[in-house]
2 protein chains.
Amino acid sequence: MAKLRIVPLGGLGEIGKNMMVYEYGDDILIVDAGIMFPENDMLGVDYIIPDIQYLKDKTHKVKGIVITHGHEDHIGAIRHILEEINAPIYATPLTQGLIEVKLARDGNLDIAQLITINAGDTIQVGVFTVEFAHVSHSIPDCVALGITTPEGLIVHTGDYKFDHTPVDNWPTDFAKLAEWSARGVLALLGDSTNADKPGWTPSERLIDDAFDKVFRTAPARILVASFASLISRMQQVGEAAARHGRKISFVGTSMRDNAKMAMRLGYLVLDENMVIPLEEAVKMNPKEVVLMGTGTQGEPSSIVGRLSVGTNRQFDLKPDDTIVLSSHPIPGNEEMVSRTINRLIQRGATVIYDPIMPVHVSGHAAQEEMKLMLHLIKPKYLVPVHGELRHLRQHGNMGEQLGIPKENIAVVENGRVIEFEKGKMKIGERVPGGYVFVDGTRVGSISSAVVREREELSRDGVVFVNLMVSHKDRRLMEEPEIITRGFVHSEDGSGSELMSRARQHISDRVATANGNLRQELESSLRSYLHQQTRRRPLVFVVVNEV
Amino acid sequence: MAKLRIVPLGGLGEIGKNMMVYEYGDDILIVDAGIMFPENDMLGVDYIIPDIQYLKDKTHKVKGIVITHGHEDHIGAIRHILEEINAPIYATPLTQGLIEVKLARDGNLDIAQLITINAGDTIQVGVFTVEFAHVSHSIPDCVALGITTPEGLIVHTGDYKFDHTPVDNWPTDFAKLAEWSARGVLALLGDSTNADKPGWTPSERLIDDAFDKVFRTAPARILVASFASLISRMQQVGEAAARHGRKISFVGTSMRDNAKMAMRLGYLVLDENMVIPLEEAVKMNPKEVVLMGTGTQGEPSSIVGRLSVGTNRQFDLKPDDTIVLSSHPIPGNEEMVSRTINRLIQRGATVIYDPIMPVHVSGHAAQEEMKLMLHLIKPKYLVPVHGELRHLRQHGNMGEQLGIPKENIAVVENGRVIEFEKGKMKIGERVPGGYVFVDGTRVGSISSAVVREREELSRDGVVFVNLMVSHKDRRLMEEPEIITRGFVHSEDGSGSELMSRARQHISDRVATANGNLRQELESSLRSYLHQQTRRRPLVFVVVNEV
């Protein structure tokens, strides 16, 4: 007898966020395929994708991939997944548009089977019947899923908030959620991102007032920074521009491509002559223009990142520019964002960011909204997803407060199987897998072992010693050569002295060594350097016998 | 004619926080000598101290060092400064106690000239008359300074908030501040830490309610984590323990030493039999004890850090332990703190932190308090200090809103001299200096160049190639040896294949090279590896000619 198995894939970090697998007998439904952002000690890693090892010998079972919305952490890994699994991808028009823009840039749009669905639709993916309910979030055209499985109805919220006045005037579909509830919901897989935030998340409309104040008072040019996929923010900036007699210019390829696509599909509604190319914008009266680009996370390659250090090619910062950072730092980026703000100020700009003014609100439900979702759906089981373990636990606590028995709540990590059989939930085994690091263009060529080595290198640096030794009598043929990086500055005073002493130390040891010369020298030099500096660089000695 | 020169020392980061120099003719007064915490990309740096290059040839002019309060970022660099400048150090009793505990541990207490002062006192330091006004903060016995200089009266707030119900029942001395104001204040150097936080910072007393709730509901042992110098938090935890029939045990050397000292001096008032040693605490009924230790920043060496990974020696985490993180993450530590919370939850503990419950409040004035300070002091000039550039700018904006002319507000970075002459302020030159990194025991032996090298190493790793080449005909005498770290995993599939191809590439190049072999090989291998992987490791080739 088959069971329903639900498997969140990915390493630690945000759980059940980037990819979720629903499996029943020979049918697999994948929900979302997104990237994660590396933590600060994942050195030199560009981004992370979920490890799909678990699906390796089951790719033929995958009947479809359903995408809840068009943010990077839900669509960013599609190009990598496509290399292994080429199942139909179901998405709403805007989400599909964003996927197409991405795949076109990476050159694998042609192999993707993209199928448009709309909120209110019902599709069949193998044994699963999937219904779509519109939810509001910080991007339009998001859906929650009602997945009818042989075990019962599962509600998968995706990212959501209960915004009564969203930018696209299309609030969360309470009626559809209530209808599912009336049918009886086996389990709720609910967004936990803001589980430690009390109250309600404010409406996106709150931002309009802040924008009005900025547009009213800015003495010259305005640059609003946001994510390239934040279509509703583009709409708000465009509307504010129209209200205050400015034209808008989208800066950067991804921002421009997404804006064009969203205008074509009708998700971004701006008067055609409002939108002008950058070349024109930089020549206009600064009071009559607003630029919109990327860089709210302080990414060095973004427009704002480049402006903050003076390396933007098409235009430079002017002293009376006003920069609006219309987003919050992604956890772990706080320091980089602060530094970027400080640099912009140092270069003369006025910088507006939350909490200076409410120019951004979260796209995720806060505690009271999560409780509303729980009461609306009335699930038998609760599986908190989307968030770190602490958010999941807090979501679980709220479930308990609202009367769900503790044993009906599954707070699990990525890779842990949740099974449903005869209407009962069981926490199953842990499947292999975790993170796949992407660095450069190669996927998976750097393992966590390589990242650990980078961490070692970064802690105290590295010392290489090159020796020529006579084979006959183990005599040094040349002065030892030492190359060091990240340990001491070997060209100045104390560093170069230390290096001379280290060379002497090696020469002495070569004379007295009697076993494996390389090993003896490495271990002896390691101790010597630690004793001299209290630091432990990596030490490598090569012995060339002549 | 002499001028008053005020110089904030340190690199970028928090400005005017860790050390401030007041100079007039042949007299120098130093205020505070604290450490900074390294940012995430300052790899392998333990902490940072201000660069005192500027004072190098002026040490004889230093007539005294005044310390405003006993936090690390105000006292942590004293031991290093003492090696260069041995002037009298003036501090209130608790601050002095904290300095003594630190210096005793580092073995240089005997050379320090510590002089006790109290709020209300007046001292003469060279040409400067320094008066002390009590201010509330998150540690008792803090003082603001009224510094009478030949140019006029300067008010230096230090860290402060206007807490009407502080734990030690000793609020900020409004009367003294008002008295200074009545005399006419030339310039205010005011704490800007929370300049972007609207409203008022809540009173420390708010925490008592949260503690009561935790103590009432915790099913077993409670561990409250905080900074070792947060004496008032020790008092609050001790009082909560007494109210709820628990005994308290301070865990860890610094926490225990500070508690002992504070009890001796009367700043921590707890019934003697309330405080028990750890050995006893771990044997007691878990419901009758609360432990207090360090680790709110997720530091791996702290009690909480060790408990989160299961490496604490004296006691381990139990599943129904409640861990209270009674502090906020220091900017840049957010990720480490989240990870620690997740690990504690993973190991079964309940973790309480703000915003789950208000178990910590800021020790710094928020916007409305800063405005109150401005109106109370009515300075002619405003020099925002303590904070990143963005906080200083925001403090400056508030000053403008309150009527201080823009040209009377100096938002400057560390190292910039502010001069007062004939009652007029001028922004002067920039003095050399910046950060001094401390790694291991050695001060300054790692420069920012070394830290940059670590960053390079950590980005894509390092590749070393060892060659034996015949001197005569440049023929390879041995297969090239390659050592790599942090680049590819050279022992498994794709990594070891890449290394074979790289060895072949080198062999080919040796045969055809005609210039400087080392340089040619390094540059050619660099391009080859980049073309193969899109990554740019550091590449070093040593050529041993035989």
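This is a predicted model: local features need pLDDT of at least 70, side-chain atom pairs count only at pLDDT 80 or more; totals for chains, interfaces and linings use all residues.
**View 1. How chain A and chain B are related.**
Let's start with the pair as a whole. Turn chain A by 180°, shift it 0.1 Å along the axis, and it can be laid on chain B with an RMSD of 0.1 Å. The two copies are thus related as by a two-fold rotation axis.

**View 2. The contact between chain A and chain B.**
Chain A puts 59 residues into this contact, and chain B puts in 59 residues too. On the side of chain A that touches chain B, the elements giving two or more residues are H10, H12, helix H13 (448–460), strand E23 (462–469), strand E24 (481–485) and strand E25 (538–545). H13(A) supplies the largest share of that side, with eight residues. Sorted by class, the side of chain A that touches chain B has 22 nonpolar, 19 polar and 18 charged residues. As for the partner's side, 100% of the interface residues of chain A are also interface residues in chain B, so the copies meet through the same surface.

**View 3. Ile341(A), a residue with contacts in both chains.**
Zoom in on helix H10 (residues 334–346) of chain A and you'll find Ile341(A) there. Ile341(A) counts as buried because it has 26 C-beta neighbours inside 10 Å, and the cut-off for that label is 20 or more. Set aside residues up to four places away in sequence, and Ile341(A) touches Val351(A), Tyr353(A) and, over in the other chain, Arg390(B). Ile323(A) is 18 residues from Ile341(A) in sequence, and their C-alpha atoms are 9.1 Å apart in space.

**View 4. Helix H5 of chain B and its two faces.**
This view is all about helix H5 (residues 206–217) of chain B, where Ile207(B), Ala210(B), Phe211(B), Val214(B) and Phe215(B) are buried. Look down the axis of H5(B) and its buried residues fall within an arc of 135°, so they line one face of the helix.

**View 5. Gly399(B) in helix H12.**
Now for a glycine: Gly399(B) is found in helix H12 (residues 389–401) of chain B. Gly399(B) is buried because 25 other C-beta atoms lie within 10 Å. Leaving aside neighbours within four places in sequence, Gly399(B) is in contact with Leu374(B), Leu382(B), Ile404(B) and Ile409(B). Pro379(B) sits 20 residues away from Gly399(B) in sequence, with a C-alpha to C-alpha distance of 9.9 Å.

In chain A, Asp354(A) and Pro355(A) are joined by a cis peptide bond, with omega about 15°. Pro355(A) belongs to the loop between strand E17 (350–353) and helix H11 (367–377) of chain A. Over in chain B, the peptide bond from Asp354(B) to Pro355(B) is cis, with omega near 15°. Pro355(B) has its place in the loop between E17 and helix H11 (367–377) of chain B.

**View 6. Two loop residues with positive phi.**
Neither of these is a glycine: phi is near 60° for His386(A) and near 70° for Asp32(B). His386(A) lies in the loop between strand E18 (381–385) and helix H12 (389–401) of chain A. With 28 C-beta neighbours inside 10 Å, His386(A) counts as buried. Asp32(B) is found in the loop between strand E3 (27–31) and strand E4 (47–50) of chain B. Buried or exposed? Asp32(B) is buried, since 27 other C-beta atoms are within 10 Å.

**View 7. The domains of chain A.**
The domain assignment of chain A gives domain 1 (4–199 + 362–443), domain 2 (206–353) and domain 3 (461–545). Taken over C-alpha atoms, the centres of domain 2 and domain 3 of chain A are separated by 54 Å.

How values were computed:
Residues are numbered from 1 along each chain as its sequence is written. Chains are lettered from A and ligands numbered from 1 in the order in which they are written. A residue is buried if 20 or more other C-beta atoms lie within 10 Å of its own, exposed if 12 or fewer, and partly exposed in between; C-beta atoms are placed from the backbone. Helices (H or I, at least four residues) and strands (E, at least two) are DSSP runs, numbered from the N terminus. The arc is that of the directions from the helix axis to the C-beta atoms. Two residues are in contact if their C-beta atoms, placed from the backbone, lie within 7 Å. Copies are superposed by least squares on the C-alpha atoms of residues with pLDDT of at least 70 in both. Ala, Val, Leu, Ile, Met, Phe, Trp, Tyr, Cys and Pro count as nonpolar, Asp, Glu, Lys and Arg as charged, and the others, Gly among them, as polar. Domain bounds come from an automatic or database domain assignment.
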